[in-house]
Amino acid sequence: MENKRTPLYNLHLKLNAEMIEFAGWDMPVHYGSILAETKHTREKVSIFDIFHMGEFLIKENPENSSFDKVTTVPVIKMKEKTCKYGFLLNENGGIIDDLIVYKIKKDEWMIVVNASNEKRDEEIIKKRISKETFFENISEKTMKIDVQGPLSRNIVKKIAGEKINNLKYYTFDEFNFLNGSYIISRTGYTGELGYEIYIDSKKSEEIWNLLLDFADVKPAGLGARDVLRLEMGYPLYGDELTEEITPLDAGLERFIDFEKEFAGKEKLLNHKVNYLLCGFVVNGRKTMRHNSKVFIDEKEVGYVTSGVFSPHLNCGIGMAYVLKKYAKENNEIFLGKEKPEIIGRIVKPPFIKNTSLKN
Amino acid sequence: MNVKQGYFYTKDHEWVKIDAMTGKIGITDYAQHKLGDLTYVELPKIGKIVKQGEVLNGLESVKAASDVYAPLSGRVIKINTQLENEPGLINKSPYDDGWIAEIEIADENEIKNLMTADEYIKFLGESK
């Protein structure tokens, strides 16, 4: 089957992007150098084509909500114009997807989901909401561009106006630009100050080029995005999060509202964590990747879910599920494909502190 | 893609520069481009004996880990220790400063299994 293409596909080729397949899409992995793009995002501003992620629109009467039970996010309780991270769980508490809910009005929400899970999420959400609840998959008509980096506010301000100064972390608003009114949220997955623009997909090229015209702005691909999210210890669906994993195993219980009902809650309340998600740093530049093993005293005690060379720490970093009794900060571990090869130590993410995230 | 005349090439995108009975080994411009930014070079030990086509050493880029195969059989006599701290030299200068190891060639008859620069250029064109 042919991979899907984002509305910016031709512009990526013009920018000499190296394209890879990701979740059924042809996506830019880099435009020359993953390391340079990672660095640029931490120092200036990068823009990312995130069209592949899915967006759903939900409308329902909050007095009699079915949507509130669909995910771990308290969609009734949360304030308008705020965003919340959470999970769509199966009945066993396993993670079907991680997502962000945007509360547009008291009776209207947008959900942003991973590209690889879009169709499945749609099926499950539709099954769980009542017949009266309005659901629309708006992914095709919604272009999402992430503008990330310490200088991003200045850039987005020039497009959307001074009102951008009012946006606090994990809030959003509608802004008038390019002859329309569009959502911009102060969110992202890089650990830097950043914004996500949701715009009519017909205006994809126009907004992309407008952003690229600023001297401080460069495009960045999925390669840099992966290094950036890993340096912050953010989980990625498919690596750290799967249907066999609960948010408790991933150490993400702070994103769950146990005061309300949601699918999978009962199992979560009785769940015993066996392996806990940890960060690790390696002594040196060698890196351990997905499916490598974790050892203590020659004994296999866990497995690596992601690993990469961190250009900002100048060493290998990663995330691993480690037997809970060994999952302690500063514990020395060994990593290797089949047997212990290199030494590392367990650390508590984020690996990089004092970024521009909350500036 | 840059291909250097006078070097010999493998289908796995290694090069060897032959000088009497020694051969300097590295990866090609095409290979470094495909791998992307190199982050770690696992240098072979001096004295290591390799056969043609066997793993000489390992490389890691931001994207993935991969192996370098020996273009010729021989014994490793020199390694480029500069790569320990500057693996990016392979990206910047794949045919010169980014060389990986030098071997004492065991069997010069094996050179016939390699490609010349022109043959390698043709090979790159066909494999596209």
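**Notes on salt bridges and the A–B interface**

1. Let's start with Lys141(A), which is partly exposed, at 47% relative accessible area. Keep in mind that this is a predicted model. The salt-bridge partner of Lys141(A) is Glu136(A), with the closest N and O atoms 2.9 Å apart. Glu136(A) counts as partly exposed too, at 26% relative accessibility.

2. Counting over all chains, the structure has 28 salt bridges. One of them joins the side chains of Glu192(A) and Arg42(A), at 2.8 Å from N to O. This pair ties together distant parts of the chain: Glu192(A) sits in the loop between strands E12 (180–185) and E13 (194–200) of chain A, Arg42(A) is in helix H2 of chain A, and 150 residues separate them. Glu192(A) is buried, with 4% relative accessibility, and Arg42(A) is buried as well, with 11%.

3. Another pair to look up is Glu240(A) with Arg229(A), whose side chains meet in a salt bridge of 3.1 Å, N to O. Here the residues are 11 apart, with Arg229(A) in helix H6 (222–231) of chain A and Glu240(A) in the loop between that helix and helix H7 (265–269). Both Glu240(A) and Arg229(A) are buried.

4. For a salt-bridge network, find Lys144(A), Asp146(A), Glu196(A) and Arg225(A), which are linked in one.

5. Now the interface. In chain A, 14 residues are in contact with 15 residues of chain B. The two chains bury about 1200 Å² between them, and carbon and sulfur atoms account for 48% of that. On the chain A side, Arg285(A), Lys286(A) and Arg289(A) supply 48% of the area buried against chain B, more than any other three residues.

6. What holds charges together across this interface? The rule finds four salt bridges between chain A and chain B. Among them is Arg289(A) with Glu60(B), where the closest N and O atoms are 3.7 Å apart. There are also nine residue pairs in polar contact across the interface. Strand E3 (25–30), helix H2 (34–43) and strand E17 (299–310) of chain A each give two or more residues to the side that touches chain B, and H2(A) gives the most, with three. By type, that side has seven nonpolar, three polar and four charged residues.

7. Finally, Thr287(A), in the loop between strands E15 (275–282) and E16 (293–296) of chain A. Is Thr287(A) buried or exposed? With a relative accessible area of 3%, Thr287(A) is buried. A polar atom of its side chain lies 3.2 Å from the backbone oxygen of Arg285(A). Beyond its neighbours within four places in sequence, Thr287(A) has contacts including Gly307(A), Phe309(A), Ile317(A) and Glu60(B).

Key: Residues are numbered from 1 along each chain as its sequence is written. Chains are lettered from A and ligands numbered from 1 in the order in which they are written. This is a predicted model: local features need pLDDT of at least 70, side-chain atom pairs count only at pLDDT 80 or more; totals for chains, interfaces and linings use all residues. Side-chain values use heavy atoms; hydrogens and water are left out. Contact means heavy atoms within 4.5 Å. Buried area is the accessible area (1.4 Å probe) that two parts lose on being put together, summed over both. A polar contact is a pair of N or O atoms within 3.5 Å; within protein, one must be able to donate a hydrogen and the other to accept it, and residues adjacent in sequence count only if both atoms are side-chain atoms. Helices (H or I, at least four residues) and strands (E, at least two) are DSSP runs, numbered from the N terminus. Ala, Val, Leu, Ile, Met, Phe, Trp, Tyr, Cys and Pro count as nonpolar, Asp, Glu, Lys and Arg as charged, and the others, Gly among them, as polar. Buried means under 20% relative accessible area, exposed over 50%, partly exposed in between (1.4 Å probe, protein chains only).
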